[in-house]
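I opened the notebook to look at aromatic rings and at charges placed over them. My entries follow the structure.

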Amino acid sequence: MSTSYSLRRAVQYVLLTSATAAVAFPTYAQDAENESIQEVVVTGSRISSPNMASISPVSSVSAEDIKVQGSTRIEDIMNRLPQVFAAQGSNVSNDSDGTATVNLRGLGSNRTLVLVNGRRLGPGDPNSETFAADLNQIPTALVQRVEVLTGGASSVYGADAVGGVVNFIMDTKFEGVKIEANYSFYEHENDNAVASIIGRTAELPDDSVRGGYAKDFAIVMGSNFADDKGNATFYATYRDVDAVLQGEYDYSSCTLNSGDTFSCGGSGTSFPARFRPVNDAGVTQGSYTLNPTTGALQTGTAAPYNFGPLNYYQRPDERYTAGVFTSLEVSEKAEVYGEFMFMRDTSVAQIAPSGVFGDTFTVHCSNPLWSAAQFNAFCGSQGLSVNDTVGITVNRRNVEGGGRQQELQHTSYRTVFGVRGDINDAWTYDAYGQYGTTSADSVYMADLSISRTGRALDVVTDPTTGSPVCQSVLDGTDTTCVPYNIWTLNGVTPDALAYVQNPLLARGSVDERVVNASVTGDLTDYGVKLPSADSGVIVNVGLEWREEKSAYLPDGSYQTGDGAGQGGATLPLAGGYNVKEIFTEARVPLVSDKAFVQSLSAELGYRYSDYSTDWNTDTYKFGVEYSPIEDIRLRASYQNAVRVPNVADLFNVQQVGLRGTVDPCAGDDPVLTLEQCARTGVTSGTYGNIEANPAAQYNGFIGGNTEVEPETAKTFSFGVALQPSFAPGLRVQIDYFDIKIEDAIQNPNADFTLLLCALNGDPALCSKIQRDVNGSLFETDQGFVVDTLENIGEIRTKGFDFDASYGLPVGSLGDIQFAFTGTLLDSYEVTPQPGVTYDCAGLYGSVCTSGNPNGAPLSEWKHKMSATWNTPWSGLSLTLGWRYLDEVKRDAEDSNEFLAFLGTATGTLPTDSRLGSRSYVDLSAAMTLAERYTFRLGANNLLDKDPPLNGSTTCPTGPCNGNTWPQAYDALGRQIFMTATVEF
């Protein structure tokens, strides 16, 4: 879609909104006569001035906006903003770290800086790849507003503010008592339309589902003291959220296969077991499974295992928060202040049962649990006798053990102590120290131990009792072993299950320390001002020291890769760094109250950073603001921002783990030729015999890299803000953004390494591919594609933001307030390797979602609109909302040559070619009685709109869950919420 057409379509949305309001209702002038002028700091600057407007684009979410949406989770509020793309949250179960993060512009949570009252909120999990802040620490009841600055802000706040800044402004001067209770749940009508399409014969979910109950309680107490020179504000909250299973919904109760039509699919690690004997060279010698009815051995494979129903669509969660904000004016020149925040959050992620995922075990041919047919198939066919041993590759789902559950607990503390005040009439100062720490404890349950499973499968006859016994019991290597009988139906005993299942434990912590001091001066009285301006230069100068360190220690079973369902070893992580910085910022009025120039001013900023890792970085910004008349304000800015490698980028241990999607040389009819596949390590003997992974995954050699260096982002924006005097109450802002990240810290993308090697034979790329003895890239950890982090390529995104509001009276019926925000994503260009560039705007799939940091479909247009009618009756107000996400198309079917290359591995998939657009209607009503009691009732996704669906081929683990993208779309149906607030 062309830029001009996209912009024209987006502008039509804004004009339609404003014109409808203007025609339907008369305008009115807002009474601003008694508005007080206060010193404010807008996010993106440390300079305070009366009613200062930001040169950089900043949007705001008020406390009332949050309440209207009825959510108990702040990440849900953020994800509804058009500038935000889905990240870690409550609807992620597989690959969840238990946190909630925010992702501006789709550039990744690691490129979004989160602040509380203008100061950093530290990393939320010590084992996270992003090291992003955990929004669970934010008490929703105390949020006064949320300011979102999209684009670089490193010169003001330091590294990580590449995609932008989210600043949670808390009500730190609260007076009185506020008690708030919120109750919500989801309901959905299953029409079983998907079931009829795929011809499911399995049990279907109930026609109606209701669940996901959430309870949220908060108390806020505040009071002034010391003759109103001080204030202390205390808060405490409790949240309890129930789990939701995918099996409760018709469109997620089976794992969909992509194709001409949807079909039920799943994993090749199935039930009953699948057995493949191997010879001494490790080459497979046939494939066998058990007849699910008779238990007899038969050739072939078992039906794919439907792993969807037991996955959580919403993780259960219990959270406690508490804290205090306090300040005291100790003299005319000094006010001391402090902040303390505590959070404990416990969540459980559940996915399908574990199993034996293609591991090869050595067992005795004399196994007494085998039938004669099994002996002949596994040993006799290779000329082996009962005195020999044989290797058998096993795929079997642990249905007896139920779903794998990982309990994730985070406990965080954040403290700030500072002093601020006036030095004289021109200068002010602010100095503070900050410490934040998060500890994480994880228990992974119902996974199989590979080593124990191997011992439990190697069964012989006890010469004393004549009973089946583990060989390890006889030789004394493990006297606790219990035979694991998967060779027959219903053969696994509770004792055997208890033996082969082994809980996995891990714990860690991440710490952040900050010391910051700055002074701000208005130089007007010193004569530092232009003759053409009414006021002088305002400057801010400061120093900052910051330290970040993390340690993560998994237990021995994690570190040795003994957990069968972990996809490889989970290794320790330890590291850190510190940085010393000096920064300065200036706002320079250039012209005031002249002909055609009501005001013209410039903004400058610079920060120098010296890292203990031997990096030195320079970040800076330039901005200009111009108002020809009071009604119009034009602004433009350029910023040079950086993101330094975080602890995970640097110190994550390199290892084999799941990374890629589709191997074009796998399957009995490979997409690529033998000549092409040979370049990737396929032999003539394995060509056409390499097993394709039905879950669309293969291994990568992944991890951190101590050689990576800071990446640089160049951000350019310009916009116009209109508040026309002929239409009082109308406000419209349109801003253009262009963010370009160079030397990006990213993976080269294993899919492109594999495909370009096959097509071009580039030795540098082909050397990164290692296949196992069977030619596979996923069956053993000997097969993988090297995909460790590098400073490679770039990411660039461009688009337009629209922000409009309008308020007007309707006579005796009260007044109506309209609000509209929208984002047009013009382009999202990625260069993962030299010579490879593609545009993901309007796309989703194996490259444009799982292969990039956004983790969500990249709709070209998203908007959020609301109309609130404040009636004259007993404080009654009604709010109608409309959220919209444009359709996205499958990346592998795009015309871009590089994306189309990957499409050759799967071809056209009508089921997945597009995810249709979605409109969600929200409705809420609030009533305030006696100026003290407020009751609110509402419904999000009022019409119970189903999410768009796609199959497993384009559904990467993690952000895609239940055949859709539940952090981006409303996957759980209609949400009903009720809120009661009492204020004293």
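**Aromatic rings: notebook**

I began with W882, which is partly exposed at a relative accessible area of 30%. The model is predicted, and I kept that in mind throughout.

Next I counted ring pairs. The structure holds 29 aromatic pairs. I looked up F752 and Y838 among them. Their rings are stacked, with 5.4 Å centre to centre and 20° between the planes. The angle falls under the 30 degrees that counts as stacked. I then asked which elements carry F752 and Y838. F752 belongs to helix α13 (residues 750-760), and Y838 to strand β44 (residues 836-839). The pair therefore ties together parts that lie 86 residues apart in sequence.

I went back to W882 and its pair with Y884. This pair is edge-to-face, at 6.3 Å centre to centre and 65° between the planes. The angle is over 60 degrees, so the pair counts as edge-to-face. Y884 is buried, with a relative accessible area of 12%. That value is under the 20% cut-off for buried. W882, at 30%, is partly exposed.

Ring pairs link F275, Y288, W370, F378 and W487 into one.

My last entry is on charges over rings. Where does the charged end of R105 sit? I found it over the ring of F737, 3.5 Å from the ring's centre. R119 lies over the face of Y432, with 5.2 Å to the ring centre.

Key. Residues numbered from 1 in each chain as written. Predicted model: local features only at pLDDT ≥ 70, side-chain atom pairs only at ≥ 80, totals over all residues. Heavy atoms only, no water. Phe/Tyr/Trp six-rings, centres within 6.5 Å; stacked < 30°, edge-to-face > 60°. Helix = DSSP H or I, 4+ residues; strand = E, 2+ residues; numbered from the N terminus. Buried < 20%, exposed > 50% of the residue type's maximum accessible area, 1.4 Å probe, protein only. Lys NZ or Arg CZ within 6 Å of the ring centre and 35° of its normal.
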